[in-house]
Amino acid sequence: MISVATLPRLVREALPTLQSHLLSPHWQEPRIGIVHLGIGNFHRAHQALYTEEAMLASGGDWGICGVTLQGDVGKRDALMAQQGLYSVVERGPHGAKVTVVRALREVLAMPHDRAALFARLADPLVQIVSLTVTEKGYCRDAKTGEVALDDPAIAHDLANPLEPRTVPGILVAALRERRDGAHGKPFTVLSCDNLSHNGAALRQVVCSFARQRDPALADWIATHVAFPSTMVDRIVPATTDAERVTVAHAIVYEDTVPVPCEPFRQWVIEDRFAGGRPAWEAVGAQLVEDVTPFELAKLRMLNGTHSTLAYLSMLGGFETIDAAIFHPPMRHLIRTMMTEEIAPTLTMPASFDLAAYRDALLERYANPALKHRCAQIAMDGSQKIPPRLIATIAARIGAGEPFTRLALAIAAWMMFLRGHADDGTRYEISDPLASRLKTLATFAQGEPQALMDALLTVREVFPEDLAALPEFRKALRHALQLLHEHGARGAIAALQ
Ligand code: CS2
């Protein structure tokens, strides 16, 4: 058994000593061509890996400058102590595959490294600014799709445009510098978050922010900046010590910041870039004209059922996704939900087989090596539920079709907000609206009708017309009653 802390730290000088299966050959250290906002596990196991492989396949200076927006100097320092190197641990049913990634060249922490970040963003070598900042990072007004002017962080950035902290504030300040700089060329802004029409959504937020202070800049952005939409997919849990140990055995160096993930990965990108881009298509990414069908299929089939599993599991006491899907009634519920309620809302290209997609998802969920915690997926429900579940319900209602299981998912979220499982175990609610949601849920004292009436007033999640719709209220009320009377496990069994 290796003692991780006694090993030398993974640094670039160590690369020649690593075994060849941990690295692909022919690597030339690239200059930085991409700034990525939100340097979390997901980016490191997804876009960074594709980018590294694209450089190996076709060259190019697409080194990455990763930025943490939460002032996480600990993360910056840990990655920089390894000169940006880290390992990806693909965990499948048949073992783990470790790969050392070299594409990350620099890590900055906002707001501490503001000057360095803006110098990077002004550098003409940087042609892409990509983002994984989660839904809440967009600072979007749920009703209008424009920037949320009542968000204090946005108010701060509008009042202090040279010291921005938010994503719209940073992008607008950087794009202004690009426009006014010597070469006058923009960068492409590439959203990689789980939002519907993520590129268009980001464009609207950025343009509406710019318009508040400088309409000419807003027009320039609208005309010159490309915001392609993307669909990203790979299940990437949080890092645990298990990865540090796996990596220590594989590379015989200490990596304090490895990333676990599943073997599967997918990336569909709209091919509309203002400047150059890595040859991602050479390494499996799909470059398409319109990402919408792929994005909706992924958001509704995968993320929609993920959130359903997460809330039912938090109530019913399943800690991880594989444990939940191993429970036959749960698996049956999720499978039927996809087949009967979600898939019919999707219009896919002829070559896309939704039944095969569903079966592949069930298999991915069952991966016993991943240990994807339900509590992680349950976070930020107020942001995740609209694109994952509400849009699907609206489509079902529009088609005059039932949506019993989708209603159960919403009801499970509402019950989850009480802050305790069916057996009384307490947990924290992590959500940008947490205090309001908790107050509403607690006030209802567990009574289904009161809980529903209280939470349906949350306009960030439920549009007014949907909240008032009798068929929606009836289905939701029924699902809440089931959960209230029988608990999550009983409700799942009742819906077979
Ligand atoms: C998950 C996603 O945490 C969550 O909310 O549903 O992160 C999911 O694992 C990814 O979107 C998979 O691509």
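Mentor: Happy to. Let's start at Gly-66: leaving aside neighbours within four places in sequence, Gly-66 is in contact with His-36, Ile-39, Leu-104, Glu-106, Val-107 and Leu-108. Keep in mind that this is a predicted model. Gly-66 lies in strand β2, which covers residues 63-68. Is Gly-66 buried or exposed? Gly-66 has a relative accessibility of 0%, and anything under 20% is called buried, so Gly-66 counts as buried. For a sense of distance, take Cys-192, which is 126 residues from Gly-66 along the chain; the two C-alpha atoms are separated by 14 Å.

Now look at the loop between β5 (104-109) and α4 (114-122), where Pro-111 is found. The bond between Met-110 and Pro-111 is a cis peptide bond, with omega at about 5°. As a rule, most peptide bonds are trans, and most residues other than glycine have a negative phi.

Two residues have phi values to look at here. Cys-139 isn't a glycine, yet has a positive phi of about 50°. Cys-139 sits in the loop between β6 and α5 (152-159), and with a relative accessible area of 9% Cys-139 is buried. His-197 is also a residue other than glycine with a positive phi, near 50°. You'll find His-197 in the loop between β7 and α7 (198-213). Its relative accessible area is 37%, so His-197 is partly exposed.

Ser-191 has its place in β7, which runs over residues 188-191. The relative accessibility of Ser-191 is 0%, so Ser-191 counts as buried. What does the side chain of Ser-191 pair with? A polar contact of 2.7 Å links the side chain of Ser-191 to that of Tyr-138. Not counting residues up to four places away in sequence, Ser-191 touches Leu-131, Tyr-138, Asn-198, Gly-199, Leu-202, Pro-228 and Thr-230.

Next, the empty space. Rolling a probe the size of a water molecule over the atoms shows where such space is left. Searching the whole structure turns up three cavities of 30 Å³ or more. The largest cavity holds about 50 Å³ of space. Its lining is made up of Ile-34, His-43, Gln-47, Thr-51, Ile-64, Ile-128, Ser-130, Leu-190, Cys-192, Trp-267 and Trp-280. By type, the lining residues of the largest cavity divide into seven nonpolar, four polar and no charged.

In soluble globular proteins, nonpolar side chains tend to be buried together. The largest nonpolar core here has 77 residues, and the ones touching the most other members are Trp-413, Met-414, Phe-462 and Leu-483. Helix α16 (residues 404-416) gives the most to this core, with eleven residues. Take Met-414 as a close-up: setting aside residues up to four places away in sequence, Met-414 touches Leu-451, Met-452, Leu-455, Leu-456, Phe-462, Leu-476 and Leu-480. There's also a second, separate core of 43 residues, including Ile-32, Cys-65, Met-110 and Val-129.

Two more stops to finish. Met-301 lies in helix α10 (residues 292-316) and, at a relative accessible area of 0%, is buried. Leaving aside neighbours within four places in sequence, Met-301 is in contact with Leu-296, Met-338, Ile-342, Ala-343, Leu-346, Leu-354, Tyr-357, Arg-358, Leu-361 and Tyr-365. Met-301 and Arg-44 are 257 residues apart along the chain, and their C-alpha atoms are separated by 24 Å.

Finally, Pro-8 lies in the segment before β1 (32-37). Pro-8 has a relative accessible area of 46%, so Pro-8 is partly exposed. Apart from neighbours within four places in sequence, Pro-8 is in contact with Val-252, Tyr-253 and Glu-254. Pro-8 and Ala-248 are 240 residues apart in sequence, and 10.0 Å apart in space from C-alpha to C-alpha.

How values were computed: Residues are numbered from 1 along each chain as its sequence is written. This is a predicted model: local features need pLDDT of at least 70, side-chain atom pairs count only at pLDDT 80 or more; totals for chains, interfaces and linings use all residues. Side-chain values use heavy atoms; hydrogens and water are left out. A nonpolar core is a set of buried Ala, Val, Leu, Ile, Met, Phe, Trp, Tyr and Cys residues joined through side-chain atoms within 4.5 Å. Buried means under 20% relative accessible area, exposed over 50%, partly exposed in between (1.4 Å probe, protein chains only). Helices (H or I, at least four residues) and strands (E, at least two) are DSSP runs, numbered from the N terminus. Contact means heavy atoms within 4.5 Å. A polar contact is a pair of N or O atoms within 3.5 Å; within protein, one must be able to donate a hydrogen and the other to accept it, and residues adjacent in sequence count only if both atoms are side-chain atoms. On a 1 Å grid over the protein atoms alone, a cavity is a set of points where a 1.4 Å probe fits but cannot get out, and a pocket is an open set with protein on both sides within 12 Å along at least five of seven lines; lining residues have an atom within 4 Å of a point. Grid points are joined across faces, edges and corners, and a volume is the space filled by probe spheres set on the points. Ala, Val, Leu, Ile, Met, Phe, Trp, Tyr, Cys and Pro count as nonpolar, Asp, Glu, Lys and Arg as charged, and the others, Gly among them, as polar.
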